[in-house]
Amino acid sequence: MTVTAVLFWLVAGLTGGSALMVVLSQNIVRAAAWLLFTLAGTAALYFLLAADFVGATQLIVYVGGTLVLVVFGVMLTAQGPFVTMKAGAAEWAVTTVVGILFFGVLVATASFTVWPTTPPERADAAFSSTTQQLGEAFLGATEAMPRANLTGLPAGARAEHRQQVAYLLPFEIISVHLLVVLIGAAYLARAKRRREVAA
Amino acid sequence: VVSFLTEYGLSPVLAGFIVAFIAAVVLVTFVALSAVFFIWLERKVAGRIQDRLGPTRVGGKFGWLQTIADGLKLIAKEDTIPADADHFLFRIAPYIAFCGAFVAFLALPFGNYAVAKEMNVAVFFMLAVMSSEVFGIILAGYGSGSKWSLFGGIREAAQVVSYEVPRAIGVLVPVIVAGTLNLNTIGRNQAGGIWNWYVFHDPFTLAAFFIFFTCGTASCKRAPFDLAEAESELVAGFHTEYSGLRWSLFFMAEYGAMFAISGIATILFLGGWHLGFLPGDLSEMLGTSGSVGWFIGNVINVCVFIVKGWLLVFVMMWVRWTLPRLRIDQVMMTCLKYLLPIACVLLLGVSVWQLAVPPLIRDYVRYGITAVSLGLLALFLVRVLSAAPPKGMIPPSMDSWTPHPAETHT
């Protein structure tokens with residue numbers, strides 16, 4: 001086994017283990033702490049793949065944003081000192097079925113996909129131009145994934161007829177959406193003053 | 001270095017591990033030692049600003065060894081866990097905080113060739129990792145099972161989530177000028193004269209430097225933004241219940257994060273490891289890669305970088321002991337009403353500046369800003385250093401303080 005493989009199995013094992021603990025722990029904030037390790041482990045997998053941008057985004061969005069908000073919400077709303085959750089039998093049944101179905105989908109996807117057998121090019125995080133490629137792909141100047149083979153196309157319908165895809169418009173829509181949410185949140189949270197009624 | 005080790009018959013894998021191990025050990029040592037230095041400095045600065053002496057006894061005249069004595073005390077202290085605390089969260093929180101602050105150093109270049117891992121998205125990586133430091137602090141606040149800690153945690157969460165936004169936008173301003181997120185490239189771009197530093201590049205980067213530094217101070221929860229700690233109202237906020245080594249881990253994290261923020265500011269705005277008057281990179285001027293001159297140049301570069309970072313940390317301490325603490329609504333208002341809109345305007349402004357303003361005007365503005373800022377800075381320093389003590393006060397000669405004879409005999 002190569003070093004990368006050893007690191008992969010190590011990180012993947014820790015990620016999977018802490019994901020299991022997220023499900024098994026009944027205290028919300030403990031689950032959030034385990035989720036931290038799950039998300040950090042996922043980010044570490046991205047770093048192993050030399051996809052630094054995605055890894056850093058994973059950390060800043062989920063760890064720095066979502067998890068903090070989860071704990072913040074619990075701290076603001078909890079009645080007792082530590083919140084515990086008891087799942088009922090119906091919830092157990094539903095989640096088990098959904099979980100098994102989802103796992104089945106994942107296993108099927110992984111086993112039916114024809115994975116490329118050629119060893120991938122060795123990527124170095126420092127010299128691969130990931131952000132530049134991302135930016136150019138947003139503008140449609142280059143293909144988003146120039147080296148990847150498209151899957152799911154019928155045989156013969158290769159990339160010649162594929163149009164250049166630019167992501168600038170969806171990106172802008174999401175940006176404006178987020179800005180609206182920000183302003184809306186500030187508006188909702190503003191200090192409300194009663195207008196003085198003229199006597 | 002990896003190739004150097006492989007020449008001596010080590011396998012590349014082992015050599016890689018050894019180099020990674022050395023880099024990690026050097027970084028941990030640096031973070032720990034600079035924390036030792038900063039704690040001593042903080043006490044001295046606080047003392048001087050409050051017209052006291054600070055530590056004077058331990059280790060000779062200036063109290064050099066005060067932090068070592070503190071450290072020994074902390075190691076010897078009992079590691080208590082309150083009965084009401086959530087033990088798992090309470091134990092793990094300091095480590096999360098410290099890891100967050102420490103891992104950020106992996107991508108921080110101390111010099112052009114002195115970086116643990118050169119990354120394409122280094123500045124983004126550092127901000128992302130440092131945002132997980134916050135999570136440790138919030139967990140500590142929640143897991144302590146104490147109302148003081150809980151309040152500290154809530155305040156920290158509210159404050160940091162808000163300040164992350166203008167901080168990130170403030171980082172984007174020099175990144176737009178540089179055209180890359182790679183801190184090594186950003187540092188290299190600022191070689192040469194002091195007018196090449198990005199802080200003087202245009203009016204927007206000059207303002208962005210102050211925005212970023214303010215938000216950075218807030219994200220290190222330093223005063224005037226130290227609401228999570230707030231000693232006078234929340235006892236010690238999120239670390240009320242901590243003692244011994246776990247408590248000191250929080251402090252290592254805080255001082256580590258202060259230097260990391262100062263380091264990012266140094267590279268993004270203050271020319272990184274460049275002295276400001278040499279035409280190129282010092283290590284490359286003194287010799288080719290691998291030669292002795294190159295090595296010496298690198299050492300000097302690292303020293304220049306560290307001194308710049310220390311100066312910014314000193315400014316943070318200065319601010320801390322000068323300004324009063326803000327209230328939580330004032331903190332949020334500063335961020336959402338002032339810093340965030342200003343940062344957005346700066347982002348738009350620098351984009352327009354890069355696109356629309358002709359290079360000749362840009363150059364003149366750059367020289368002008370450099371001259372004016374340096375002049376103002378010099379004026380400021382002269383005023384501060386030559387300030388006469390207020391009337392009726394004895395000029396302090398602090399390090400040679402002796403008790404008044406009348407006091408000793410009573």
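A polar contact is taken here as a pair of N or O atoms within 3.5 Å, where, within protein, one atom must be able to donate a hydrogen and the other to accept it. Under this rule, zero residue pairs in polar contact are found across the interface of chain B and chain A, with both residues required to be at pLDDT 80 or more. The structure is a predicted model, and the values below were computed from it.

Both chains are helical in their assigned secondary structure. Chain A contains six helices and zero strands, and its order along the sequence reads α-α-α-α-α-α. Chain B contains 15 helices and, again, zero strands. In chain A, 18% of the 199 residues are buried; in chain B, 51% of the 410 residues count as buried. As to contacts with a separation of 6 or more, residues 24 or more positions apart account for 56% in chain A and for 77% in chain B. The accessible surface of chain A is about 14,800 Å², with 71% belonging to carbon and sulfur atoms. For chain B the accessible surface is about 18,800 Å², and carbon and sulfur atoms hold 72% of that area.

The interface between the two chains was examined next. The size of an interface is often given as the accessible area lost when the parts come together. By that quantity, chain B and chain A bury about 3,100 Å² between them, and 79% of this area lies on carbon and sulfur atoms. B:Asn120, B:Phe135 and B:Tyr142 supply 23% of the area that chain B buries against chain A, more than any other three residues. In terms of contacts, 38 residues of chain B touch 37 residues of chain A. The count of salt bridges between chain B and chain A is zero. Four helices of chain B, namely H2 (12-49), H4 (87-103), H5 (122-143) and H6 (147-178), each supply at least two residues of the side that touches chain A. Of the elements of chain B, H5(B) gives the most to this side, with 12 residues. By residue class, the side of chain B that touches chain A divides into 25 nonpolar, eight polar and five charged residues.

Although no salt bridge joins chain B to chain A, the count over all chains comes to two. In one of these pairs, B:Glu42 forms a salt bridge with B:Arg320, and the closest N and O atoms are 3.6 Å apart. This pair links distant parts of the chain, with B:Glu42 in helix H2 of chain B and B:Arg320 in helix H12 (residues 292-322), 278 residues apart. Both B:Glu42 and B:Arg320 are buried.

The side chains of B:Arg366 and B:Asp363 also meet in a salt bridge, at 3.4 Å from N to O. These two residues both lie in helix H14 (residues 359-385) of chain B, three residues apart, which is about one turn of the helix. The partners fall into separate burial classes under the cut-offs, where buried means under 20% relative accessible area and exposed means over 50%, with partly exposed in between. B:Arg366 has a relative accessible area of 16% and is therefore buried. B:Asp363, at 30%, is therefore partly exposed.

B:Gln190 lies in the loop between helix H7 (183-189) and helix H8 (203-219) of chain B. B:Gln190 counts as buried because its relative accessibility is 0%. Its side chain reaches two backbone atoms: the oxygen of B:Ile186 at 3.2 Å, and the nitrogen of B:Gly271 at 3.0 Å. Leaving aside neighbours within four places in sequence, the residues in contact with B:Gln190 are B:Asn196, B:Trp197, B:Tyr198, B:Ile267, B:Leu268, B:Phe269, B:Leu270, B:Gly271 and B:His274.

The side chain of B:Gln159 reaches the backbone oxygen of B:Ala218 at 2.9 Å.

Technical notes
Residues numbered from 1 in each chain as written. Chains lettered and ligands numbered in written order. Predicted model: local features only at pLDDT ≥ 70, side-chain atom pairs only at ≥ 80, totals over all residues. Heavy atoms only, no water. Buried < 20%, exposed > 50% of the residue type's maximum accessible area, 1.4 Å probe, protein only. Contact = heavy atoms within 4.5 Å. Areas by Shrake-Rupley, 256 points an atom, 1.4 Å probe, with all protein chains shown as cover. Buried area = accessible area lost by both parts, 1.4 Å probe. Salt bridge = Lys/Arg side-chain N within 4 Å of Asp/Glu carboxyl O. Nonpolar A, V, L, I, M, F, W, Y, C, P; charged D, E, K, R; others polar.
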